[in-house]
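Grab a pencil and work through these exercises with the model open beside you. Try each task before you read its solution.

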Amino acid sequence: MAFKISNFTESIKGMFSFKREKIKLKDLLLIFSLITIFTIALLIRLTPAIYEVILKGFDPWFQYRQTEYIIENGYFAWFNWHDPNSWYPWGRDVPGTSYPGLPFAAAAVYIFLTSIGLQITLLEFCWLWPAVMGAITAVATY
């Protein structure tokens with residue numbers, strides 16, 4: 001079975017050629033469905049904003065404090081952070097007892113958004129961030 005170079009090059013050219021095709025109805029329905037899923041998931045999660053923007057529960061507040069600490073002191077300072085305000089009277093060894101993923105990602109996105117000129121407080125961002133990630137997860141689940 002011989003490998004034909006001409007078929008291979010034709011398939012590569014076909015991938016990078018931009019042909020004008022009609023948009024199919026099923027593609028439009030898919031796009032509409034994804035936008036609808038994202039919007040509904042976001043609105044459900046943001047419904048409490050009618051009353052107030054507040055973090056509810058212990059974990060969101062601790063994630064907020066971690067993100068605030070990272071923004072004020074830098075990423076590397078988090079790895080040596082012993083929080084005396086948690087777990088009285090001994091405090092908490094933060095890097096040993098928590099995961100860095102969420103606060104690191106939230107700090108990076110918050111720093112990016114404020115650097116491009118978006119005026120948002122860290123509390124508002126930490127309230128909005130899980131709602132947006134949840135809506136993206138709902139789309140990915142679909």
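**Exercise 1. At what angle do helix 6 and helix 7 pack, and how far apart are their axes?**

Before we start, a word on the ground rules. This is a predicted model, with residues numbered from 1 along each chain as its sequence is written, and local features need pLDDT of at least 70, side-chain atom pairs count only at pLDDT 80 or more, while totals for chains, interfaces and linings use all residues. Side-chain values use heavy atoms, with hydrogens and water left out.

Step 1: Know what to look for. Two packed helices are described by the angle between their axes and the distance between the axes. Axes are lines fitted to C-alpha atoms, for helices over the stretch in contact, and angles run from 0 to 180 degrees between N-to-C directions. Helices (H or I, at least four residues) and strands (E, at least two) are DSSP runs, numbered from the N terminus.

Step 2: Read off the values. Helix 6 and helix 7 pack at about 120°, and their axes are 11 Å apart.

Step 3: Name the arrangement. That angle makes helix 6 oblique to helix 7. Here are the cut-offs: under 35 degrees is roughly parallel, over 145 roughly antiparallel, 65 to 115 roughly perpendicular, and the rest oblique.

Step 4: Helix 6 and helix 7 make a right-handed crossing. A crossing is left-handed if the near helix is turned anticlockwise from the far one by less than a right angle, and right-handed if clockwise.

Step 5: Find the residues that meet. From helix 6 come Leu-102, Ala-105, Ala-106, Val-109, Tyr-110 and Leu-113, and from helix 7 come Leu-122, Phe-125 and Trp-129. Contact here means heavy atoms within 4.5 Å.

**Exercise 2. How many aromatic pairs does the structure hold, and why is the pair of Phe-79 and Phe-104 called edge-to-face?**

Step 1: Count. There are eight aromatic pairs.

Step 2: Check the geometry. The ring centres of Phe-79 and Phe-104 are 5.7 Å apart and the planes are at 75°, so this pair is edge-to-face. The rule is that rings of Phe, Tyr and Trp (its six-membered ring) pair if their centres lie within 6.5 Å; planes under 30 degrees apart are stacked, over 60 edge-to-face, and the rest tilted.

Step 3: Phe-79 is partly exposed at 45% relative accessibility, and Phe-104 is buried at 19%. Buried means under 20% relative accessible area, exposed over 50%, partly exposed in between (1.4 Å probe, protein chains only).

Step 4: Look at another pair. Tyr-110 and Phe-125 are tilted, at 5.7 Å centre to centre with 50° between the planes. Tyr-110 is in helix 6 and Phe-125 in helix 7 (residues 122-141), so their pair ties together parts 15 residues apart in sequence. Both residues are buried.

Step 5: Spot the cluster. Phe-79 and Phe-104 also belong to one aromatic cluster with Tyr-75 and Trp-78.

**Exercise 3. Is Leu-55 buried or exposed?**

Step 1: Locate the residue. Leu-55 is in the loop between helix 2 (25-46) and helix 3.

Step 2: Judge the accessibility. Leu-55 counts as buried, at 8% relative accessibility.

Step 3: Leaving out residues up to four places away in sequence, Leu-55 touches Pro-60, Trp-61, Tyr-64, Leu-123, Cys-126 and Trp-127. Leu-55 and Trp-127 are 72 residues apart in sequence, yet 6.2 Å apart in space, C-alpha to C-alpha.
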